[in-house]
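Hello,

Here is the structure I promised to pass on to you. Have a look at it first, and then read on for what turned up in it.

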Amino acid sequence: MIHAFMKPILHPNLLLAFLLLAPSTLHAQHVRTASLTETEIEQVREAAVYPVERVNLYTKFLEQRSTRIKDLTNRPKSAQRVLKLDNALQDFTALMDEMGSNLDQYSDRHSDIRKALKPLTEATPRWLNVLRTLPGESGFDLARKEAIESGEELADQATRLLHEQDAYFAIHKDEKDQERNDDTIKPTESKPAEPKQ
């Protein structure tokens with residue numbers, strides 16, 4: 001027999017709410033955004049309307065993170081090293097995913113980013129080599145596997161997009177090197193004054 005004071009605990013709506021919230025809470029622990037410094041955030045913000053500059057920035061940031069992971073790989077094994085590698089790998093993955101999202105956006109807009117895609121396609125095999133030569137350890141093995149998957153996706157995406165853009169701009173030569181009327185102006189330059197009427 002169930003006592004009256006126990007019924008609210010067994011209420012189906014409460015049980016349903018718990019079951020629905022539990023997986024989303026667990027899933028939220030695996031979602032991570034890239035950790036950018038204040039300087040990096042400002043650089044990305046300034047390059048917002050300059051796709052080539054923005055992709056170049058993300059490539060630079062990823063190169064720096066790759067070097068950090070490589071440096072940590074060579075350190076003596078310790079709990080601190082495992083923690084640092086796990087964080088570095090998760091950050092690297094989040095940054096590659098952000099880069100992929102930017103590439104999707106620029107692809108949809110037909111932004112000419114070929115100048116930035118070439119260095120990216122050259123860098124991704126290097127990054128993947130760093131990740132693959134890192135011996136797996138239980139403390140960061142999952143993060144390493146996820147980073148490799150994201151790296152492979154980014155490498156495929158960059159290579160595919162470069163081929164697509166070469167084909168697209170071979171047909172649409174009038175759109176080559178253009179980006180919404182302001183691609184020719186570098187972030188460090190000022191826009192020319194508009195003529196007075």
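Is Arg114 buried or exposed? Arg114 is buried, its relative accessible area being 15%. Please keep in mind that this is a predicted model.

Arg114 also has a charged partner: its side chain meets that of Asp112 in a salt bridge, at 2.9 Å from N to O. Asp112 counts as buried as well, with 6% relative accessibility.

Now for the overall picture. The chain has seven helices and zero strands, so from the N terminus on its elements read α-α-α-α-α-α-α. Of its 197 residues, 37% are buried. The chain exposes about 12900 Å², and 55% of that comes from carbon and sulfur atoms. Among contacts with a separation of 6 or more, 74% are between residues 24 or more positions apart.

Back to the charges. Side chains of opposite charge can pair when their charged atoms come close. In the whole structure, a search finds eleven salt bridges. One of them joins the side chains of Arg81 and Glu137, with 2.8 Å from N to O. Arg81 belongs to helix 5 (residues 79-108) and Glu137 to the loop between helix 6 (114-133) and helix 7, so this pair ties together parts that are 56 residues apart in sequence. Arg81 is buried at 5% relative accessibility, and Glu137 is buried too, at 17%.

Arg160 is partly exposed at 44% relative accessibility, and Glu164 is partly exposed at 39%.

Glu149 is placed in helix 7 and is partly exposed, with a relative accessible area of 48%.

Tyr168 is in helix 7 (residues 141-171) too. Tyr168 has a relative accessible area of 18%, which is under the 20% cut-off, so this residue counts as buried. The C-alpha atoms of Tyr168 and His110 are separated by 8.4 Å, although the two residues are 58 apart along the chain.

Enjoy exploring it!

Best wishes

Note on methods
Residues are numbered from 1 along each chain as its sequence is written. This is a predicted model: local features need pLDDT of at least 70, side-chain atom pairs count only at pLDDT 80 or more; totals for chains, interfaces and linings use all residues. Side-chain values use heavy atoms; hydrogens and water are left out. Helices (H or I, at least four residues) and strands (E, at least two) are DSSP runs, numbered from the N terminus. Buried means under 20% relative accessible area, exposed over 50%, partly exposed in between (1.4 Å probe, protein chains only). Contact means heavy atoms within 4.5 Å. Accessible areas come from the Shrake-Rupley method with a 1.4 Å probe; for residues, only the protein chains shown count as cover. A salt bridge is a side-chain nitrogen of Lys or Arg within 4 Å of a carboxyl oxygen of Asp or Glu.
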